[in-house]
Amino acid sequence: MVNFVVQIIVSLLIGVSYTYLAKRFEKNKVFYFFIGFMVSWSTRFVYLLIYGFSTDFKIEEGFVGNRYLSVLLSIIIPYLFFIALRKRLVKKSLENNNLDEIGKE
């Protein structure tokens with residue numbers, strides 16, 4: 001139960017960090033929150049689903065370790081996605097600034 005609560009808190013914090021990204025680049029905050037939350041939540045779900053298929057959904061000794069690993073992956077993968085998304089938004093905003101400068105001349 002504690003692991004589930006930690007996952008919800010982590011997913012909410014990741015969603016909030018995505019809203020700051022949306023605020024910085026003037027995008028829809030709710031949409032970006034949803035993206036961050038779902039990337040975190042779906043990473044854990046997919047990992048545990050793959051783990052379940054590999055063990056025929058039987059609880060084994062390594063289950064607890066894999067549960068913790070799924071939480072760790074649900075932090076790392078959204079962070080990497082956040083970095084990629086931020087780079088894309090920065091590049092896009094720089095291109096828009098270059099287009100604005102052309103129009104001023």
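Biologist: Why does Phe31 count as partly exposed?

Modeller: Its relative accessibility is 45%. Buried means under 20% relative accessible area, exposed means over 50%, and partly exposed lies in between, with a 1.4 Å probe and protein chains only. So Phe31 counts as partly exposed. One caution on sources: this is a predicted model, where local features need pLDDT of at least 70, side-chain atom pairs count only at pLDDT 80 or more, and totals for chains, interfaces and linings use all residues. Residues are numbered from 1 along each chain as its sequence is written, and side-chain values use heavy atoms, with hydrogens and water left out.

Biologist: What makes Tyr32 buried or exposed?

Modeller: Tyr32 has a relative accessible area of 8%, so it is buried.

Biologist: How many aromatic pairs are there, by the rule?

Modeller: The count comes to seven. The rule takes rings of Phe, Tyr and Trp (its six-membered ring) with centres within 6.5 Å; planes under 30 degrees apart count as stacked, over 60 as edge-to-face, and the rest as tilted.

Biologist: Why is the pair of Phe4 and Trp41 called edge-to-face?

Modeller: The ring centres are 5.8 Å apart and the planes stand at 80 degrees, so Phe4 and Trp41 form an edge-to-face pair. Phe4 sits in helix H1 and Trp41 in helix H2, 37 residues apart, so the pair links distant parts of the chain. Helices here are DSSP runs (H or I, at least four residues), strands are E runs of at least two, and both are numbered from the N terminus.

Biologist: What makes up the largest nonpolar core?

Modeller: A nonpolar core is a set of buried Ala, Val, Leu, Ile, Met, Phe, Trp, Tyr and Cys residues joined through side-chain atoms within 4.5 Å. The largest has 13 residues; Tyr18, Leu21, Tyr32, Phe82, Leu85 and Leu89 touch the most other members. H1 (2-24), H2 (29-54) and H3 (63-104) each give two or more residues to this core. H1 gives the most, with five.

Biologist: How do you know that the length of H1 agrees with its residue count?

Modeller: The expected span is 1.5 Å times one less than the number of residues. For the 23 residues of H1 that gives 33 Å, and the end C-alpha atoms are 33 Å apart, so the two agree.

Biologist: Why does Arg44 count as buried?

Modeller: Arg44 has 10% relative accessibility, so it counts as buried. Arg44 lies in helix H2. Beyond neighbours within four places in sequence, its contacts include Asn3, Phe4, Arg67 and Ser74. Contact means heavy atoms within 4.5 Å.

Biologist: How many helices and strands does the chain have?

Modeller: The protein chain has three helices and zero strands.

Biologist: What makes the chain more spread out than a compact globule?

Modeller: The radius of gyration, taken over C-alpha atoms, is set against a globule rule of 2.2 Å times the number of residues to the power 0.38. For 105 residues the rule gives 13 Å, while the protein chain has 18 Å, well over that, so it is more spread out than a compact globule. The C-alpha atoms fill a box of roughly 70 × 25 × 15 Å along the principal axes.
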